[in-house]
Amino acid sequence: MGKNLEQQKLLEQQQSDLGAQPDLRAQDQVNFRRSKPPLIHIVKRDPPSQLKAILVYLAAIFASLLLGALLVWALGHNPFSVYRQIITGSLASATALKETVKMAIPLLICGIAVAIAFKMKFWNIGAEGQILIGGFASMIIPIYLPQLPLLIKLVLMALLAFFFAGLFGLIPAFFKVRWGTNETLFTLMLNYIALQWVRFLQYRKSWQDPGTRFPKIRPLSDAEVLPKLFGVHIGWLFALILVVLAWFYLKRSKHGFEIAIIGDSIQTARYVGMNVPGVILRTIFISAGIAGLVGFFQVAGADSALTDGTAGGVGFTAITVAWLAKLNPFVMVLVSLGLAILQKGSISIQSTMGIPASAANLLSGLILFAVLGSEFFLHYKLHSQKRGPQRFKLGGRSELKAEGEHQPYRKESK
């Protein structure tokens with residue numbers, strides 16, 4: 001009797017196991033659907049030659065000019081006249097050339113600042129806020145120590161701008177090395193904190209002009225601004241010196257070697273014994289500090305005042321400068337000058353030809369979009385997956401299978 005009970009329990013257990021087995025055909029169909037490759041996917045190209053890259057860039061610029069010509073023609077203007085005005089309005093006269101150079105200075109300096117961080121794969125999107133913090137720090141000296149001599153005052157303004165902006169940049173860097181936070185979002189959000197801080201200062205009585213209650217930080221006097229060289233404040237000379245220093249720092253120094261290694265592989269950097277957290281903190285302090293110097297040059301050179309528009313989008317445009325120049329400081333000189341020509345030329349066609357500001361900005365955006373788009377197609381291509389009917393066995397039946405798809409494995413039962 002006991003033996004019969006054991007056999008009956010064993011039989012019930014086997015039946016229960018058989019009932020719990022999944023539907024193999026349904027599972028095969030799920031695997032089949034999951035194994036379908038996309039119709040179009042991105043494939044990395046071999047590195048292009050320098051000649052090919054130049055030709056692609058020129059073709060992209062030419063295509064953008066054609067699109068821009070259609071836009072200008074649709075607005076009822078002669079495209080050739082508009083393009084001629086962009087060049088003459090930014091380069092033809094001494095005044096226009098000075099204004100163009102003045103626009104190129106912050107783009108070049110800030111481009112170098114973000115390039116140092118980008119080289120390490122630290123995506124510093126907070127240059128806009130770092131510029132504002134640098135401008136705020138530089139205003140501390142003329143507001144609280146106005147009696148100092150001009151040279152000492154300007155040197156202290158520059159040092160404070162670098163130091164305060166560097167500390168501001170250390171906040172996301174510390175969170176990155178300590179808790180692995182996303183530096184892109186962190187630095188982006190800090191831009192708004194810096195902006196609101198400057199707006200707060202506009203309502204501080206000690207920062208306003210005496211005898212006024214208008215929410216505006218007092219401007220610098222003529223005795224407190226940077227001297228000019230060839231009609232432009234000496235920031236352009238500093239920018240050119242910085243180009244050379246940045247190139248040697250990134251290409252020929254030990255610090256630059258460490259930045260490159262961490263950017264290529266942080267695991268390799270740890271393996272060879274680098275102090276990775278220390279290098280990250282040091283590099284971001286330098287990057288943010290240089291961006292803070294842009295605030296100093298804007299306050300003490302270009303604008304002679306600190307406002308909530310001091311950064312003026314320079315921190316974001318500098319990302320384009322660094323990207324198009326492939327993080328090369330010497331190439332950034334040409335890129336920043338080209339963008340400054342577009343900006344000054346857009347202002348010129350607004351005032352002389354009555355083209356709306358939105359259309360002028362759209363024209364500049366078309367050219368930038370084409371160049372950035374060509375950068376993508378230089379290194380990647382779109383590959384389409386060819387599909388054709390192919391038969392395979394699924395669950396004992398003949399099924400159609402797309403060509404190139406993975407056939408789910410199923411053990412044949414004897």
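Predicted model: local features only at pLDDT ≥ 70, side-chain atom pairs only at ≥ 80, totals over all residues.
Visitor: Is H12 mostly covered or mostly open?
Guide: Mostly covered: 20 of the 27 residues of H12 are buried.

Visitor: Let me zoom out. How many helices and strands does the protein chain have?
Guide: The protein chain has 15 helices and six strands. It holds 414 residues, and 40% of them count as buried.

Visitor: What share of the contacts comes from residues 24 or more positions apart?
Guide: Taking contacts with a separation of 6 or more, residues 24 or more positions apart account for 72% of them.

Visitor: Which residues does Ala-340 touch?
Guide: Not counting residues up to four places away in sequence, Ala-340 touches Thr-100, Met-103, Ala-104 and Leu-107.

Visitor: Why does Ala-340 count as buried?
Guide: Because its relative accessibility is 0%, and buried means under 20%.

Visitor: OK, H3 next. How far does H3 reach?
Guide: H3 has 25 residues and reaches 36 Å from its first C-alpha to its last, close to the 36 Å expected. Just after H3, Gly-76 takes a positive phi of about 90°.

Visitor: Which residues of H3 are buried, though?
Guide: They are Ala-53, Tyr-57, Ala-60, Ser-64, Gly-68, Ala-69 and Val-72.

Visitor: What do those buried residues of H3 pack against?
Guide: The buried residues of H3 pack against H4 and H15.

Visitor: Now the holes. How many cavities of 30 Å³ or more are there?
Guide: The count comes to one. About 30 Å³ of space lies in the largest cavity, and its lining is made of Leu-71, Val-72, Leu-75, Ile-349, Ile-355, Ala-359, Ala-360 and Leu-363. Helix H3 and helix H15 are the elements that give two or more residues to this lining.

Visitor: How about pockets? How much space lies in the largest pocket?
Guide: About 940 Å³. The largest pocket is lined by 27 residues, and Tyr-57, Ile-61, Leu-324, Val-335 and Val-371 lie nearest its centre. H3, H4, H14 and H15 are the elements that give two or more residues to the lining of this pocket.

Visitor: And how does the lining of the largest pocket divide by class?
Guide: Into 22 nonpolar, four polar and one charged.

Visitor: What about the second largest pocket, how much space is in there?
Guide: About 720 Å³ of space lies in the second largest pocket. The lining of this pocket counts 26 residues, and those nearest its centre are Lys-121, Trp-323, Lys-326, Leu-327 and Glu-375.

Visitor: How many charged residues are in the lining of the second largest pocket?
Guide: Nine charged residues, along with 14 nonpolar and three polar.

Visitor: Buried or exposed?
Guide: Thr-187 is buried, since its relative accessible area is 2% and the cut-off for buried is under 20%.

Visitor: What does the side chain of Thr-187 reach?
Guide: It reaches the backbone oxygen of Glu-183 at 2.6 Å. Leaving aside neighbours within four places in sequence, Thr-187 is in contact with Phe-122, Trp-123, Asn-124, Ile-125, Gly-126 and Pro-172.

Technical notes
Residues numbered from 1 in each chain as written. Heavy atoms only, no water. Buried < 20%, exposed > 50% of the residue type's maximum accessible area, 1.4 Å probe, protein only. Polar contact = N/O pair within 3.5 Å; in protein donor to acceptor, adjacent residues only side chain to side chain. Contact = heavy atoms within 4.5 Å. Helix = DSSP H or I, 4+ residues; strand = E, 2+ residues; numbered from the N terminus. 1 Å grid on protein atoms, 1.4 Å probe; cavity = no way out; pocket = protein on both sides within 12 Å on 5 of 7 lines; lining within 4 Å. Points joined across faces, edges and corners; volume = space filled by probe spheres on them. Nonpolar A, V, L, I, M, F, W, Y, C, P; charged D, E, K, R; others polar. Expected span 1.5 Å × (residues − 1).
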